[in-house]
Amino acid sequence: MIPTLQPPHRPWNVITDSAINDRIVTALAADGYAIVPRFLPADVVRGLRDHARALDDQGLLLPAGIGRGARRTVRRDVRGDRIRWLGDAADARAERPLFEALASLRADVNRELTLGLVAFEGHYALYPAGSHYARHRDRFRDDDARVVSFVTYLNPDWRDDDGGALRLALAGGDIDLVPRTGSICFLSELEHEVLPATRERRSIAAWMRRRPR
């Protein structure tokens with residue numbers, strides 16, 4: 001059985017109080033990650049989950065690729081999810097609260113950590129049962145624009161033995177996070193992977209970006 005969470009380095013890595021943004025910033029600075037069970041209200045998560053399901057029913061989530069530009073290719077042996085990028089005008093109603101929350105977090109991260117974040121991007125991600133994403137970094141080798149990664153899960157009834165954990169590689173050892181409804185924020189340079197699940201797994205992945213150097 002995959003554990004929901006191995007013990008974090010510090011108790012405040014699991015953030016449950018009202019000062020969410022400040023605690024995320026503190027955790028990022030100290031350990032490079034923060035676990036946030038209730039970053040978004042339940043009704044917002046429900047709206048995003050329903051919208052992701054509707055998009056998939058319309059065939060609008062497409063196989064994800066790896067690499068960029070001319071090197072981009074679809075490799076199901078490396079990455080098996082289907083995605084749709086955020087920001088389409090038709091999706092605005094469901095996504096607006098997420099954009100507002102991420103904009104607020106980005107402003108607070110910039111104020112306290114001076115990371116020069118100027119924008120964010122993201123997409124819905126649907127992993128069919130049995131699919132995975134091999135260990136990788138969100139920051140590209142030839143582009144350091146992605147600085148902070150953020151994942152919100154859309155699976156409220158997920159059980160520990162359904163699998164599909166996000167495995168985050170930390171200096172003190174890996175931790176496995178079951179993709180139940182909730183969020184995790186971490187530095188984009190950290191290696192991580194998505195483990196196979198026994199059922200369909202839904203999430204939103206987003207990245208706070210600076211201007212490429």
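A: Strand β6, covering residues 146-153, is mostly covered, with eight of its eight residues buried. Buried here means under 20% relative accessible area, exposed means over 50%, and partly exposed lies in between (1.4 Å probe, protein chains only). Strands (E, at least two residues) and helices (H or I, at least four) are DSSP runs numbered from the N terminus. The model is a predicted one, in which local features need pLDDT of at least 70 and side-chain atom pairs count only at pLDDT 80 or more, whereas totals for chains, interfaces and linings use all residues. Residues are numbered from 1 along each chain as its sequence is written, and side-chain values use heavy atoms, with hydrogens and water left out.

Strand β6 has two partners, where pairing requires that DSSP finds at least two bridges between the strands. With strand β11 (residues 201-210), β6 pairs in the antiparallel sense over seven bridges. With strand β9 (residues 182-187), β6 also runs antiparallel, joined by six bridges. Ser149 stands opposite Trp207 in β11, and Ser149 likewise stands opposite Phe186 in β9.

Arg146 lies over the face of Trp207, at 3.8 Å from the ring centre; a charge sits over a ring if NZ of Lys or CZ of Arg is within 6 Å of the ring centre and within 35 degrees of the ring normal. Arg201 lies over the face of Tyr127, at 5.2 Å from the ring centre.

The structure holds three aromatic pairs. Rings of Phe, Tyr and Trp (its six-membered ring) pair if their centres lie within 6.5 Å, and planes under 30 degrees apart count as stacked, over 60 as edge-to-face and the rest as tilted. One of these pairs is formed by Trp85 and Trp207, tilted at 50° between the planes and 6.2 Å centre to centre. This pair links distant parts of the chain, since Trp85 belongs to strand β3 (residues 82-85) and Trp207 to strand β11, 122 residues apart. Trp207 is buried because its relative accessible area is 6%, whereas Trp85, at 42%, counts as partly exposed.

Buried residues make up 49% of its 213 residues. Of the contacts (heavy atoms within 4.5 Å) between residues at least 6 apart in sequence, 73% join residues at least 24 apart.
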